Amino acid sequence: MTKVTFLGIIAIIFALMFSNSPVTAGESIIANVQNEQGGDVRPDLDTAEVELMFANIQNGTAHIFLRSPERKFFSPTDFPIVEGTDLIDATLPIENGKATFQYMFPIRGDYHLKVDVVDGEGKAAGTHELVITINENPEEVKNAVIFIAILVAFGFVVGYVLSRGRKRVHAV
Amino acid sequence: MRFRVVLLVSVLLMSMTSSTVFAHGSDQGGGDHHARVGELAYFEGKLETSGQERGPYEVQFHAIRLEDKAEIMSMKSSSPDGSYKFAMQFFDGAEHEVTISLVDPATKSILAEKKVTVEVEGFHPPFAVKVKTMVFLLSVIAFGMVVGVSVTRWGKTNRKWKGEYPDVA
């Protein structure tokens, strides 16, 4: 590997690192996601309260665009059609530095929330991008593990019985 | 022959399990508004008050899934004259109800309200997703079968070393 190639790879890695840090870009906004019933937010089950806290704005409006997690090759979700699509396009009022809404997130993964902020005087106060992570329902993970274990056991029994059967045929 | 029968049963079992992905699809009709899973549904209009109240108003949006009364989304916006505009995606192919309320921000009393029933068109998962799921589940069964066959062979080898199988020899 030449020196130029090596430096080029390092430059690409740094560029990717900085381009994939929307939370850093949105430091003046903090997104707090809570389950109204307590505990973690489970997709397609719990209605979460999303609270956006603005450090520099007390009153104004926030235009929000929520996009669902992008499709991943090895882990399809319960709603494949929803993956990588727009979910919400709405304008919320900012009151006392906060804007809130309730939403049931459909699938697990990293949601991208783009927020266009306008202050109380009607001036644009920047665009911010946040990432909201929703984890899979632990019950569904448990059920998936049980299901896969049953399939492995089924395969094991089938393989064991068939190979024993072949042995007997040869013996006769 | 027995192997083919078992393979056929396995494929049949996989076909049945993959159909669980379709569970949320339904074709209920009769809604005021039509929406499709995977696309934003836009709501735009203006609510008029019957009294002498003047803006600005608070506009509240509330969406519930009718089959289980689950609250899908709830948010508020402000409007100088009662007009509103927002968009959301209905991720489940079931009937929903969206309530849009015009609220007096001072007294929090509802000045006007509109209920919209939304018929959502669901879709089957993409073919590629179904194939991937099928391949994954068949691979899991194949792994179990390989283990099962390996255990039989290992046992057979052990017994040969111990001098069993007089009929085979």
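Reader: Which helices each supply at least two residues of the nonpolar patch?

Author: In this predicted model, they are α3 (138–171) of chain A and α2 (127–161) of chain B. The patch covers about 460 Å² and is made by A:F156, A:V157, A:V161, B:F143, B:V147 and B:V151.

Reader: Why does B:V147 count as partly exposed?

Author: Partly exposed lies between the limits for buried, under 20%, and exposed, over 50%. B:V147, in helix α2 of chain B, has 31% relative accessibility and therefore counts as partly exposed.

Reader: How is a pair of aromatic rings described?

Author: By the distance of the centres and the angle of the planes. The whole structure has eight aromatic pairs over all chains. One of them, A:F79 with B:F91, is edge-to-face, at 5.4 Å centre to centre and 70 degrees between the planes. This pair crosses between chains, from the loop between β3 (60–67) and β4 (86–94) of chain A to the loop between β5 (83–89) and β6 (96–103) of chain B. Both A:F79 and B:F91 are buried.

Reader: Which residues do ring pairs link into a cluster?

Author: The cluster holds B:F43, B:F61, B:Y84, B:F86 and B:F90.

Note on methods
Residues are numbered from 1 along each chain as its sequence is written. Chains are lettered from A and ligands numbered from 1 in the order in which they are written. This is a predicted model: local features need pLDDT of at least 70, side-chain atom pairs count only at pLDDT 80 or more; totals for chains, interfaces and linings use all residues. Side-chain values use heavy atoms; hydrogens and water are left out. Patches are made of residues with over 30% relative accessible area and no salt bridge: like charges are joined within 9 Å, nonpolar side chains (Val, Leu, Ile, Met, Phe, Trp, Tyr) within 5 Å. Accessible areas come from the Shrake-Rupley method with a 1.4 Å probe; for residues, only the protein chains shown count as cover. A salt bridge is a side-chain nitrogen of Lys or Arg within 4 Å of a carboxyl oxygen of Asp or Glu. Helices (H or I, at least four residues) and strands (E, at least two) are DSSP runs, numbered from the N terminus. Buried means under 20% relative accessible area, exposed over 50%, partly exposed in between (1.4 Å probe, protein chains only). Rings of Phe, Tyr and Trp (its six-membered ring) pair if their centres lie within 6.5 Å; planes under 30 degrees apart count as stacked, over 60 as edge-to-face and the rest as tilted.
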